[in-house]
Amino acid sequence: MSRRLIVLFLSMLVLVGAMSLKTVVATHSDGSVIMANGGAPAPPTPWK
């Protein structure tokens, strides 16, 4: 039982660390939002 608690504690610690890192990065960013495929040009259409 103690091994399960240790694994649970370590995974929760990793998740809390990741969320706090995400919050720190978001608060110190310059306000620009990076989105996947946000500024890319549209792909060519096959009928042109």
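Predicted model: local features only at pLDDT ≥ 70, side-chain atom pairs only at ≥ 80, totals over all residues.
Reader: How many helices and strands does the chain have?

Author: The chain has one helix and zero strands. Helix 1 covers residues 2-27, and Met 1 lies in the segment before it.

Reader: What span should helix 1 have, and how far apart are its end C-alpha atoms?

Author: Take 1.5 Å a residue. The 26 residues of helix 1 should then span 38 Å. The end C-alpha atoms are 37 Å apart, which agrees.

Reader: Why does Met 1 count as exposed?

Author: The cut-off for exposed is over 50%. Met 1 counts as exposed because its relative accessibility is 74%.

Reader: Which residues form a nonpolar patch on the surface?

Author: Start with the general idea. An α-helix has 3.6 residues a turn, so residues three or four places apart point the same way. Here, the patch is formed by Met 1, Leu 5, Leu 8, Met 12 and Leu 15. Together they have about 570 Å² of accessible area.

Reader: What share of the chain's accessible surface belongs to carbon and sulfur atoms?

Author: The share is 72%, out of about 5000 Å².

How values were computed:
Residues numbered from 1 in each chain as written. Heavy atoms only, no water. Patch = residues over 30% accessible without salt bridge, like charges linked within 9 Å, V, L, I, M, F, W, Y side chains within 5 Å. Areas by Shrake-Rupley, 256 points an atom, 1.4 Å probe, with all protein chains shown as cover. Salt bridge = Lys/Arg side-chain N within 4 Å of Asp/Glu carboxyl O. Helix = DSSP H or I, 4+ residues; strand = E, 2+ residues; numbered from the N terminus. Buried < 20%, exposed > 50% of the residue type's maximum accessible area, 1.4 Å probe, protein only. Expected span 1.5 Å × (residues − 1).
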